[in-house]
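The stops below go from the whole chain to single side chains.

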Amino acid sequence: MTTGARQVLTDGFGRVGPVLRAALEGTDAAARTWRPTPQATTLAWLAWHVARGQDAQVAPLAGVEQLWTAEGWADRFGLPFDRDATGYGQSPDEVALVDASPDLLLGYLDATTAQTVAYLERVEDDDLATVVDTSWDPPVTLGVRLVSILDDCVQHAGQAAYLRGLLPRELLA
């Protein structure tokens with residue numbers, strides 16, 4: 001991959017962590033699991049889902065095992081879901097079950113981001129046009145998939161930042 005393309009993708013993935021760090025800073029369980037409505041997601045779920053979704057999608061592209069299982073993150077989180085759950089399609093009741101310390105949430109995100117960046121170092125320009133998913137019309141290329149993963153991460157990080165701003169003051173004291 002050209003230095004420019006690699007730098008852009010690496011920079012994009014690198015911007016997610018600081019946004020989630022700011023959203024989680026100084027939170028306790030009540031703040032991390034607070035929801036403005038019963039159907040809304042939580043800070044904890046958003047942070048977990050960003051890391052989990054990135055891990056689940058980049059690992060197969062990189063030809064490696066997901067860190068979720070390879071490094072024992074699934075056991076550390078101890079969530080009552082199937083080990084392959086990423087948060088996609090989860091019910092509000094399932095969302096409410098996700099909580100972990102900021103250190104755990106951000107540790108998993110940092111590990112996942114490092115694995116993503118290491119993978120990007122191996123990607124060449126020609127690889128970006130390789131079809132990686134034929135179940136869509138048009139088929140999805142590696143370049144499109146990487147941008148889609150990044151877009152999902154950025155959107156959810158932004159949602160976490162917004163949700164942090166909605167937290168009642170008594171939850172931040």
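Buried here means under 20% relative accessible area, exposed means over 50%, and partly exposed is in between (1.4 Å probe, protein chains only). This is a predicted model, in which local features need pLDDT of at least 70 and side-chain atom pairs count only at pLDDT 80 or more, while totals for chains, interfaces and linings use all residues. Residues are numbered from 1 along each chain as its sequence is written, and side-chain values use heavy atoms, with hydrogens and water left out.

**Whole chain**

Show the protein chain as a cartoon. Nine helices and two strands make up its secondary structure; helices (H or I, at least four residues) and strands (E, at least two) are DSSP runs numbered from the N terminus. Their order from the N terminus is α-α-α-α-α-α-α-α-β-β-α. The C-alpha trace spans about 50 × 30 × 30 Å along its principal axes. The radius of gyration is 16 Å, which agrees with the value near 16 Å for a compact globule of 173 residues; it is taken over C-alpha atoms, and the globule rule is 2.2 Å times the number of residues to the power 0.38. Of the 173 residues, 45% count as buried. Contact means heavy atoms within 4.5 Å. Among contacts between residues at least 6 apart in sequence, 72% join residues at least 24 apart.

**Helix 2**

Select residues 16–24, which form helix 2, and color its buried residues: V16, G17, L20, A23 and L24. These lie on the same side of helix 2, because they cover an arc of only 125 degrees around the axis; the arc is that of the directions from the helix axis to the C-beta atoms. An α-helix has 3.6 residues a turn, so residues three or four places apart point the same way. Step past the end of helix 2 to G26, which takes a positive phi of about 70 degrees.

**Helix 4**

Next select residues 43–62. The end C-alpha atoms of helix 4 are 28 Å apart, in agreement with the 28 Å its 20 residues should span at 1.5 Å a residue; the expected span is 1.5 Å times one less than the number of residues. Helix 4 is mostly covered, with 17 of its 20 residues buried. Just after helix 4 comes G63, with a positive phi of about 75 degrees.

Zoom in on R52, which sits in helix 4. R52 is buried at a relative accessible area of 1%. A polar atom of the R52 side chain lies 2.9 Å from the backbone oxygen of A85.

The D55 and R52 side chains form a salt bridge (3.9 Å, N to O), a term for a side-chain nitrogen of Lys or Arg within 4 Å of a carboxyl oxygen of Asp or Glu. D55 and R52 are three residues apart in helix 4, so about one helical turn separates them.

H49 is another stop in helix 4. It counts as buried, at 7% relative accessibility. Leaving out neighbours within four places in sequence, H49 is in contact with Q54, T86, G87, Y88, D152 and H156. The backbone oxygen of T86 is 2.6 Å from a polar atom of the H49 side chain.

**Two further salt bridges**

How many salt bridges does the rule give? The count comes to seven. Select R83 and D75, whose closest N and O atoms are 3.2 Å apart in a salt bridge. R83 is partly exposed, with a relative accessible area of 43%, and D75 is exposed at 56%.

Now select R145 and D133, which meet in a salt bridge of 2.8 Å, N to O. R145 lies in helix 9 (residues 142–166) and D133 in strand 1 (residues 131–133), so the pair ties together parts that are twelve residues apart in sequence. Both R145 and D133 are buried.

Finish at P138, in the loop between strand 1 and strand 2 (140–141). The peptide bond from D137 to P138 is cis, with omega near 5 degrees. Most residues other than glycine have a negative phi, and most peptide bonds are trans.

Notes:
Polar contact = N/O pair within 3.5 Å; in protein donor to acceptor, adjacent residues only side chain to side chain.
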